[in-house]
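Here is a short briefing to read alongside the coordinates. Have the viewer open, and let's walk through a few helices together.

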Amino acid sequence: MESTQFNTQILNHSDKLFRFAKSILRNVDAAQDAVQELTMKLWEKRHQLDEVKNIQAFTMRSMRNLCLDTIRQNRDEDELPVEFEYSEPNPHQQTELRDLATQIRSMINNLPELQRSIIRMRDVEEMEISEIAYVTSITENAVSVNLSRARQKIRDQILNEQKRVEETIWK
Amino acid sequence: MEMMNELLEKYFRGETSLSEEKELKHYFSKGNVVPEHEIYRSLFEVFELELKDTATSPLIQVIPKQRKIKQIWIKTFAYTGIAASLVLLMWVQLPQNTENYAVINGTRIDNPEYVQRYAQKKLNYVNEMLKDGLKPMKRMNVVNHTLQPLNVIKETQDKMIEIEKTHNVNN
């Protein structure tokens with residue numbers, strides 16, 4: 001792959017890779033590092049990339065593998081986990097979470113990695129089910145099941161939040 | 001509204017196509033959303049907002065910068081190689097291009113006979129110069145020959161001293 005192709009097919013999609021890494025790692029700096037690392041690795045192996053049919057799906061899959069390795073490595077080294085565990089928001093966070101959009105982002109972030117990756121690949125990046133199946137190394141049917149579960153969970157949480165707000169108002 | 005209800009249910013079951021999902025996004029981006037659906041507006045807004053999430057560090061500069069450094073090295077090696085080749089070529093070609101000529105008083109002379117005559121003439125001149133230069137040496141030989149009797153006198157004196165010594169010892 002020539003440098004021009006590398007720019008158009010990989011570097012121009014670095015924002016997409018960044019969003020995906022951020023979704024998995026749930027940390028901006030770690031996501032940025034992951035994108036840099038992956039880009040450098042791909043650059044070093046650019047001559048082999050000509051054989052790849054769907055370069056974008058390939059880079060997304062490589063990104064996911066790299067991020068999962070990072071999470072595993074952080075766990076092995078007993079460092080602070082990149083992923084954070086969900087906890088009930090404190091009063092300060094509750095103030096911030098008044099905005100429903102922020103709450104929904106938080107809801108998506110608290111989904112299991114596979115589900116949040118799938119929902120973002122589909123609803124944000126508008127990828128085909130077959131591409132998502134390739135990236136996540138699961139069947140298309142499994143992608144649909146996980147997508148459905150992820151959307152249903154978000155829907156339930158939105159409805160619960162709506163109910164909670166209404167109850168607060170009528171108290 | 002009925003159609004949108006069905007489409008939303010289909011969406012949460014994970015069965016919608018990309019075009020149907022785009023239709024939903026379009027519906028929620030407009031102002032005429034029915035109150036029953038208003039609760040889901042933020043969900044689709046989040047997807048649009050997340051799409052604007054971009055990488056912060058200057059990733060694009062990483063590869064071209066490396067390429068530039070690499071290009072400098074490639075150019076340096078190329079130019080060095082060309083220069084070395086030229087030197088080698090000249091060195092190889094030089095004996096083949098050797099011509100018989102001489103430079104006399106800054107003028108190139110290709111006529112070998114003329115050069116030979118000129119050289120002979122100069123050598124004769126040198127010979128004459130040497131002859132003139134050795135004339136004083138001949139004069140010195142004459143002086144040496146003239147002084148030869150002086151040596152005889154010295155020998156006679158030495159002999160007389162020897163005889164005198166012998167005579168004194170006998171007395």
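Helix H7 of chain A (residues 113–123) is mostly covered, with 10 of its 11 residues buried. Buried means under 20% relative accessible area, exposed over 50%, and partly exposed in between, using a 1.4 Å probe and protein chains only. This is a predicted model, in which local features need pLDDT of at least 70 and side-chain atom pairs count only at pLDDT 80 or more, while totals for chains, interfaces and linings use all residues. Residues are numbered from 1 along each chain as its sequence is written, chains are lettered from A and ligands numbered from 1 in the order in which they are written, and side-chain values use heavy atoms, leaving out hydrogens and water.

**Burial in chain A**
- The buried set in H7(A) includes A:Arg116, A:Arg120 and A:Arg122, along with A:Ile118, A:Ile119 and A:Met121.
- A:Arg26 sits in the loop between helix H2 (14–25) and helix H3 (28–44) of chain A; helices (H or I, at least four residues) and strands (E, at least two) are DSSP runs, numbered from the N terminus.
- A:Arg26 counts as buried because its relative accessibility is 15%.
- The side chain of A:Arg26 also reaches the backbone oxygen of A:Asn109, at 2.3 Å.

**H3 against H4 in chain A**
- The axes of H3(A) and helix H4 (residues 55–76) of chain A come within 10 Å and cross at roughly 125 degrees; axes are lines fitted to C-alpha atoms, for helices over the stretch in contact, and angles run from 0 to 180 degrees between N-to-C directions.
- That angle makes H3(A) oblique to H4(A), given that under 35 degrees counts as roughly parallel, over 145 as roughly antiparallel, 65 to 115 as roughly perpendicular and the rest as oblique.

**Between the chains**
- From H9(A), A:Ile154, A:Arg155, A:Ile158, A:Leu159 and A:Gln162 make the contact with B:Ile39, B:Tyr40 and B:Leu43 of H3(B).

**Chain B overall**
- Chain B has six helices and two strands, following the pattern α-α-α-α-β-β-α-α along the sequence.
- Of its 171 residues, 18% count as buried.

Notes. A polar contact is a pair of N or O atoms within 3.5 Å; within protein, one must be able to donate a hydrogen and the other to accept it, and residues adjacent in sequence count only if both atoms are side-chain atoms. Contact means heavy atoms within 4.5 Å.
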